[in-house]
Amino acid sequence: MPKRKASQLETGPDSTNLRRSTRRRSQLVPSPAAEVDASSATSTTKRMEKKEKEPKLQKVVEKPQKETNKAPPKSQAKPTKPAKTSKPALETGKNATKAESSEKSYWLMKAEPESRFENGTDIKFSIDDLASRTEPEPWDGIRAYAARNNLRSMKKGELAFFYHSNCKEPGIVGTMEIVEEHSPDVSAHDPKAPYYDASSKPEDPKWSVVHVKFRSKFAQPIGLKELREFGKPGEPLENMQLLKQSRLSVSRVSPAEWEYLMSVVNQRGGETQ
DNA sequence: GCCAACGTTGGC
DNA sequence: GCCAACGTTGGC
C-alpha cells in the first residue's frame, strides 16, 4: 500500500501533477515527452511490464535510472565534530558541498497507520505493518516532486524515521533502513492502485520508490507536539524540515537532528526490534 | 468535519 | 508572469 500520498512543494521541473487536481487539463495528456521531468528525462526505463493486479509488493528489480539527484544535499549537516582546522582552505570549495553529500543523510517518511481508502484500497500502513514484512518494502505512492527527489537522494544503508501521520497520535514511532535505492514506482501505472497516475508512463516512469527494512520501534513515540517543542527558536529542531514543511511526506533529517532525537528516544525506554 | 497552510491551475 | 480560485495535506 501506498505509504503516503506525497505532498506539496512540487519543485520538479514539470509540475504536472494531475492526479488530484480536478482542474486537470482536458485530458491526461498522453504525450510522454510532456510529462518528463528533467531528472528522469533519460529515464532508461527498463521494465515496462505493468502488473495489473495486486497493488504492491512487487520488488522491482530494475536498475536505478540514471538521473542526477536534484535535491541538493543541503540541509546544513553541521559537522559538530569534524571541525578540522588543519586543512580548511583545501576543503572549503569542493568539500563544502562534498562534505555534505559524502556524509550520511537521514530521512523521515510518513505513513498513515489508520484505515483510509484511496481509489478503493485501504492505504493503512503502520510501523507494525513494516515490522511484519519479511521482504524489503517498496515505499510507493509518493506523488510529489519534492518528496520524490528526496527518495532519489537516498543511499543504501541510510536510516529514516517512520512517522505516523493523519492519525490520533501523530509522531515518530521508529526507524528503518534504506536497503535498495530508488527505482520506478510501477504502482503509478496500475489503474487500480491507490495512487494511480495516468500521466506516468511505464516507458518513462515519473515516480520512484526506495525499498526499506524495519529497524526499530520506539518504546515511546515522539509526538508531533513534542517535536514542535523541540522545534522552537533556539531549540535543537528549529530547522527541521518536517516542521518547516509539514505537508512534505518525505523529508530530510540532519545528523544533528537525528542524534538529538535518538538521545530523546534513549532517555525514554529506547527502541525495540 | 473543520480549516490553515500552501501548492497548482489557468485566465488575463 | 501575476494572482484569484481552488485543491490537498494533515493537525485538531
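User: What makes the contact of Arg 116 and Glu 112 a salt bridge?

Analyst: In this predicted model, the side chains of Arg 116 and Glu 112 meet at 2.8 Å, N to O. The cut-off is 4 Å between a side-chain nitrogen of Lys or Arg and a carboxyl oxygen of Asp or Glu. The value 2.8 Å is within 4 Å, so the pair counts as a salt bridge. Side chains of opposite charge can pair when their charged atoms come close.

User: Why is Glu 112 called buried?

Analyst: Glu 112 has a relative accessible area of 1%. Buried means under 20%. The value falls under that limit, so Glu 112 is buried.

User: And what is Arg 116, by relative accessible area?

Analyst: Arg 116 has 23%.

User: What makes Glu 112, Arg 116 and Glu 118 a network?

Analyst: Arg 116 forms a salt bridge with Glu 112. Arg 116 also forms a salt bridge with Glu 118, with the closest N and O atoms 3.0 Å apart. These salt bridges link the three residues. Glu 118 counts as buried, at 13% relative accessibility.

User: How do you know that Arg 133 and Glu 137 form a salt bridge?

Analyst: Their side chains meet at 2.8 Å, N to O. The limit is 4 Å, so the pair qualifies. Glu 137 is buried, with a relative accessible area of 0%. Arg 133 is partly exposed, at 30%. The structure holds 9 salt bridges.

User: Which residues touch the most other members of the largest nonpolar core?

Analyst: They are Met 109, Trp 139, Met 154, Phe 162, Met 176 and Val 212. This core has 23 residues. Several elements each supply at least two of its residues, among them strand 1 (106–111), helix 4 (145–153) and strand 7 (208–223). A second, separate core has 20 residues, including Phe 218, Ile 222, Phe 230 and Val 265.

User: What share of chain A is buried, and how many helices and strands does the chain have?

Analyst: Of the 273 residues of chain A, 49% count as buried. The chain has 7 helices and 9 strands.

User: Where does pLDDT stay under 50?

Analyst: pLDDT stays under 50 over residues 6–99. The model has 163 contacts beyond four places in sequence for that stretch. Where pLDDT is low, the predicted coordinates should not be read in detail. For chain A, the mean pLDDT is 72. Residues with 70 or more make up 63%.

Conventions. Residues numbered from 1 in each chain as written. Chains lettered and ligands numbered in written order. Predicted model: local features only at pLDDT ≥ 70, side-chain atom pairs only at ≥ 80, totals over all residues. Heavy atoms only, no water. Helix = DSSP H or I, 4+ residues; strand = E, 2+ residues; numbered from the N terminus. Buried < 20%, exposed > 50% of the residue type's maximum accessible area, 1.4 Å probe, protein only. pLDDT = per-residue confidence, 0-100. Contact = heavy atoms within 4.5 Å. Core = buried A, V, L, I, M, F, W, Y, C linked by side-chain atoms within 4.5 Å.
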